[in-house]
Amino acid sequence: MQWNSLVTQLFGPYHGMRAAGDFLQGEVMFDGEPITVIGTTHHAPIGVELALAQARVVLDTITRHAGRPILLLIDTQGQQLRRRDELLGINRAMAHLGAAIDLARRRGHRVIGLVYDQALSGGFITSGLIADACYALPEAEIRVMRIPAMARVTKLPEDKLRLLSQSNPVFAPGVQNYVSMGGVRSVWQGDLKGALRDALASAPSQDLRAQDGAQRGGRRLAADVIERVLSAD
Amino acid sequence: MSDVPAGLETLDFSFSGGRPAGTFAPVLVGVVGSGNLEVMLEPAVGRDCIVRVETSARGFGSIWRAVMNDFHGRHPLAGVRVSINDMGATPAVVSLRLDQAVAEIKGGRT
Amino acid sequence: MISYAECSARERLAQLLDADSFKEWVPPVERVTSPHLTQLSVPCAFDDGVVIGRATLADRTVFVAAQEGAFMGGGVGEVHGAKLVGLLRRAQRDRPAAVLLLAESGGVRLHEANAGLIAVSEVMRAVLDVRSAGIPVIVLIGGSNGCFGGMGIVARCADHIVMSDVGRLAMSGPEVIEASHGVEEFDSRDRALVWRTTGGKHRWLTGDCDALVEDDVAAFREAAIAALDKAQPLTLDALEKEHDLLAQRLHIPPAEDAGGDDATFLWRALGVADAQAVPDLAVDAIRALRNQ
């Protein structure tokens with residue numbers, strides 16, 4: 001879905017959000033209360049610059065608007081694959097964004113992530129996956145890496161990976177799969193406003209994803225192993 | 001589907017006539033990297049030395065048997081379970097790790 | 001001197017921690033291994049490539065995790081990640097003096113794709129939780145595989161990073177960047193370039209790590225002990241300072257305009273005297289080049 005169409009459905013035609021290149025931001029009204037919205041579009045690669053642009057808005061929200069919810073709209077092809085970004089410490093910039101979001105959560109800002117198109121790996125770890133909860137639209141896709149690159153690194157044949165991507169939850173990019181693994185809390189279908197309302201009211205502030213993965217059957221071991229460590233002598 | 005890996009090969013061996021190793025804390029040597037293996041030794045019920053190998057290098061059963069026979073000849077153990085995860089180590093490396101593992105039971109620092 | 005890079009994860013722990021103090025949790029004998037690897041006919045490791053437990057360091061109780069770089073490149077899968085999360089959650093409950101993370105990882109274990117990605121993000125949240133509870137998380141980086149991918153982000157969520165000059169800390173590996181944008185973008189076989197971009201000396205000079213040591217386990221031990229009382233709470237103020245520092249870097253011109261090598265340009269811009277000599281200088285000389 002196009003970001004403008006999504007945002008219009010959620011906040012009406014006068015939402016006030018704007019795009020500067022791949023970067024989206026705005027202060028919108030929802031159920032009579034303001035929300036800060038930050039996001040990316042055009043399957044943005046996230047480099048140092050875009051990570052900092054997002055962090056800036058989060059920090060400003062903490063400073064100027066105590067308690068205001070933050071909505072992260074995610075459409076990314078992952079981290080920017082440039083030597084310059086590595087030189088300048090893209091991992092540090094991403095950690096900074098993650099830490100800013102984490103601080104916002106601790107200060108009582110609800111932070112909701114929504115994958116509305118695609119999310120890959122590094123571009124997703126420090127945004128949607130560090131929110132109170134992450135949601136997705138039905139057609140969205142979440143991947144760790146594209147299949148050709150994955151084949152090169154793992155030495156598993158591309159056909160095998162394609163086959164696995166269809167049948168194996170660990171490899172399949174569909175968001176329903178991420179729901180069953182606990183990575184995504186739920187898929188927003190139909191009444192998007194209702195879904196956002198619900199998310200703002202009920203997103204957990206503790207990390208329940210391993211538990212969700214176990215209950216929903218998509219990721220059976222993680223919660224058990226965590227518990228084993230907690231109860232070891 | 002012909003390039004789909006056929007699966008790990010599991011090989012089981014059992015040796016009798018060894019000397020009881022008694023109780024000891026489980027020991028682990030080696031890492032599961034390319035051309036390498038990990039060997040875990042732990043006490044087992046009974047008077048045998050029980051070996052299980054899981055390997056990605058299929059078709060070397062007779063070589064494993066020879067290596068394990070030699071190992072049992074050097075260190076005839078009883079009441080021990082040997083567990084191996086292998087990623088294509090040579091017989092020389094396998095024998096080395098087995099001997100290292102035994103040395104750790106006998107008082108080497110972990 | 002014992003090379004930290006050449007040690008296995010277990011050997012590092014044996015040398016680093018107080019003698020005989022280590023108690024392992026979810027040890028190999030419990031065989032908590034990865035079902036996903038077995039399904040792909042890839043051999044497992046009995047500890048799924050990470051050793052966790054409790055020990056003392058200079059008589060202070062610490063919780064430790066050591067990733068085994070030789071197994072699946074230290075990649076984080078479902079079980080491996082859950083061991084780390086369990087350790088961190090236990091630290092929140094039991095409040096040791098610190099959590100030590102001997103990181104050597106390519107990031108998400110690709111063979112476990114989605115499970116690995118979610119696992120890494122759970123580790124990230126758990127590190128931030130421990131940190132916010134006032135317990136320092138200390139990361140040691142010095143293995144030959146470096147600390148990359150999601151683990152490169154996790155490392156920067158910790159209070160304190162110790163690196164050797166041999167170590168590397170980054171997000172994407174040079175091969176991935178070269179495969180994506182060509183050898184002109186990043187020649188992954190140019191070792192000097194790789195280390196200027198992601199190595200311990202560079203990260204020390206830019207402040208992306210907090211201590212630089214020789215490739216020596218004893219040096220890592222000493223640096224870890226020194227970091228025990230250096231918890232750095234994440235306050236709004238701290239984040240604003242961090243933001244300014246990172247934003248400054250965007251002013252560094254591209255390589256073509258930076259006299260050919262942007263790493264040297266960047267070091268010079270940070271006030272490092274004799275920046276072009278950096279790759280040839282020994283660790284103690286490099287240490288002296290940065291204002292603490």
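**Strand pairing and helix packing**

Student: In which sense do E5(B) and strand E7 (residues 80-86) of chain B pair, and over how many bridges?

Tutor: Strands pair if DSSP finds at least two bridges between them; elements are DSSP runs numbered from the N terminus (helices H or I, at least four residues; strands E, at least two). Here the pairing is parallel, over 7 bridges, and B:Cys49 stands opposite B:Val80 in E7(B). This is a predicted model, in which local features need pLDDT of at least 70 and side-chain atom pairs 80 or more, while totals for chains, interfaces and linings use all residues. Residues are numbered from 1 along each chain as its sequence is written, with chains lettered from A and ligands numbered from 1 in the order in which they are written.

Student: Which way does strand E1 (residues 9-15) of chain B run relative to E5(B)?

Tutor: The two are antiparallel, joined by 7 bridges. B:Phe15 has B:Cys49 of E5(B) as its bridge partner.

Student: At what angle do helix H1 (residues 9-16) and helix H9 (residues 217-227) of chain C pack?

Tutor: Two packed helices are described by the angle between their axes and the distance between the axes. For H1(C) and H9(C), the angle is about 60° and the axes are 9 Å apart. Residues in contact (C-beta atoms, placed from the backbone, within 7 Å) are C:Arg12, C:Gln15 and C:Leu16 of H1(C) and C:Val217, C:Phe220, C:Arg221 and C:Ala224 of H9(C).

Student: How many residues of chain C are in contact with chain A?

Tutor: There are 69, facing 64 residues of chain A. H4(C) gives the largest share of the chain C side, 14 residues.

Notes:
Contact = placed C-beta atoms within 7 Å. Axes fitted to C-alpha atoms, helices over the stretch in contact; angles between N-to-C directions.
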